[in-house]
Amino acid sequence: MRYTGAEPAVAGLAGRALTRLPEMTKATYEQIVEEMAVYREERFVSHADLFASCRDNLQFLVRALAEPGAPDLSKARATGRERALAGAPLPEMLRAFRIGFTEVWQCFVELTAPAQDVATLVSATTAIWDLMDDYIEELTSTYRATVAEISRTRQNRRLALVEALFTGGSTTEGTLWDIARMLDLPLEGSFVVVAAETPGLGQEALPLIEVRLRERHHASAWRLTPELQIGVVSVRDPDQVLELLRENPRGRVGMSPVFTGLGDTARALHLARVALSSLPAGTKDVARFHESPLAGLVASDPEASAQLAGQVLRPILELPGEESNVLLLTLRAWFDCGGSTKQIAERVYCHPNTVRHRLKRITDVLGRSLSDPSDIAELGTALRALAMFGDSARRAVRS
């Protein structure tokens with residue numbers, strides 16, 4: 001605090017200025033309204049409240065200069081908190097206060113002019129600016145503390161709403177409407193959920209992703225947990241979102257299929273996590289959940305799907321590592337290539353006869369046929385489950 005009390009001559013001058021408070025209040029109010037659109041248009045403060053604020057703060061200033069000792073700055077703190085709660089911009093508020101302080105200084109100039117009392121005017125000027133500095137510093141610190149408090153409250157509220165979406169705690173349409181409104185998301189429309197593996201505690205896997213999405217006109221809401229950065233994104237173009245996710249991931253990232261309606265967010269999060277887990281540990285890549293009924297069925301029950309994969313593919317999974325991997329790779333290629341030996345050979349880089357030999361080995365080991373629809377259905381489901389829940393499937397084999 002710079003201001004500790006005015007000299008007797010300045011206090012006497014301030015006492016005389018008290019009689020001019022009505023004129024100073026009116027002049028300050030009119031100048032603020034004329035020069036500052038934010039107050040003229042009553043965006044945050046009504047004209048009546050603005051006039052009362054001008055009167056009260058000018059009275060504080062002049063009385064503080066007229067009375068001995070350090071001033072009570074509680075009025076500055078109250079004003080700073082009120083304006084922060086109203087959402088008034090700080091620079092405009094400080095400009096308004098400077099207009100008021102300048103009005104007091106101008107009054108002092110007029111009162112000292114007849115006697116040409118320059119020494120008193122200089123002392124008064126120093127006292128006014130010292131007091132103004134103290135007042136504005138107190139007002140500003142309270143304003144910023146209040147804004148920070150409001151921001152924390154809003155952020156906590158936002159995080160709670162995002163958590164409700166991801167945990168399925170938003171079951172009624174009314175609740176979903178409130179959540180959508182608070183998060184600036186549409187209630188209906190197209191969405192995806194993204195789950196990204198964090199590189200460390202409290203670190204984002206997709207830095208500034210919400211800002212980058214907003215720049216492309218995709219609204220989103222995000223939550224950071226110790227293991228994951230998860231978000232729900234309102235999508236116009238899913239491929240554009242996928243492109244953004246692939247720009248600089250810091251770990252594995254999974255994206256759910258496109259879904260409609262925020263009520264399905266919790267299920268979409270599960271699918272996004274499944275997509276993430278399909279990527280090898282330690283990689284920095286993005287996987288999109290395959291939009292098929294079978295994939296959805298497998299993902300809906302991870303434990304049962306892992307057991308299915310372990311049961312159906314156990315004979316191959318129990319083979320030595322290299323042989324097991326080669327046969328699984330060939331079997332996946334058989335499904336991907338529609339059973340075409342030529343295409344399988346091109347995909348796995350071997351001769352067609354080698355493919356035929358491997359396929360024969362697969363059917364012998366598994367005791368299943370690649371011409372029996374029932375066996376084909378079970379093998380295809382088991383392969384998809386293995387891709388999603390490989391570690392769990394292998395544990396099932398060992399148990």
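Q: How many aromatic pairs does the structure hold?
A: Six aromatic pairs turn up in this one, which is a predicted model.

Q: Take Tyr-29 and Phe-51, what's the geometry there?
A: That pair is edge-to-face, with 5.4 Å centre to centre and 75° between the planes.

Q: And where do the two residues sit?
A: Tyr-29 is in helix α2 (residues 21-35) and Phe-51 is in helix α4 (residues 47-66). They're 22 residues apart, so the pair links distant parts of the chain.

Q: Is Tyr-29 buried or exposed?
A: Tyr-29 is buried, because its relative accessible area of 17% falls under the 20% cut-off. Phe-51 counts as partly exposed, at 34%.

Q: Which residues do ring pairs link into a cluster?
A: Phe-60, Phe-97, Phe-101 and Tyr-135.

Q: OK, switching to strand β1. Why is it largely enclosed by the rest of the structure?
A: Because six of its eight residues are buried; the strand covers residues 190-197.

Q: Which strand does β1 pair with over seven bridges?
A: That's β3 (residues 228-234), in the antiparallel sense. Ala-196 stands opposite Gln-229 there.

Q: What is the bridge partner of Ala-196 in β4?
A: Val-253. Three bridges join β1 to β4 (residues 253-255), and the two run antiparallel.

Q: How many bridges join β1 to β5?
A: Two, again antiparallel, with β5 at residues 259-260. Phe-191 stands opposite Phe-259 in that strand.

Q: Last topic: what does UniProt place at residues 327-385?
A: The unreviewed entry has "domain: PucR C-terminal helix-turn-helix" there. In the model that span is 78% helix and 0% strand, and its end C-alpha atoms lie 16 Å apart.

Notes
Residues numbered from 1 in each chain as written. Predicted model: local features only at pLDDT ≥ 70, side-chain atom pairs only at ≥ 80, totals over all residues. Heavy atoms only, no water. UniProt positions renumbered as here; feature names shortened; annotations may be inferred. Helix = DSSP H or I, 4+ residues; strand = E, 2+ residues; numbered from the N terminus. Phe/Tyr/Trp six-rings, centres within 6.5 Å; stacked < 30°, edge-to-face > 60°. Buried < 20%, exposed > 50% of the residue type's maximum accessible area, 1.4 Å probe, protein only. Pairing = 2+ DSSP bridges.
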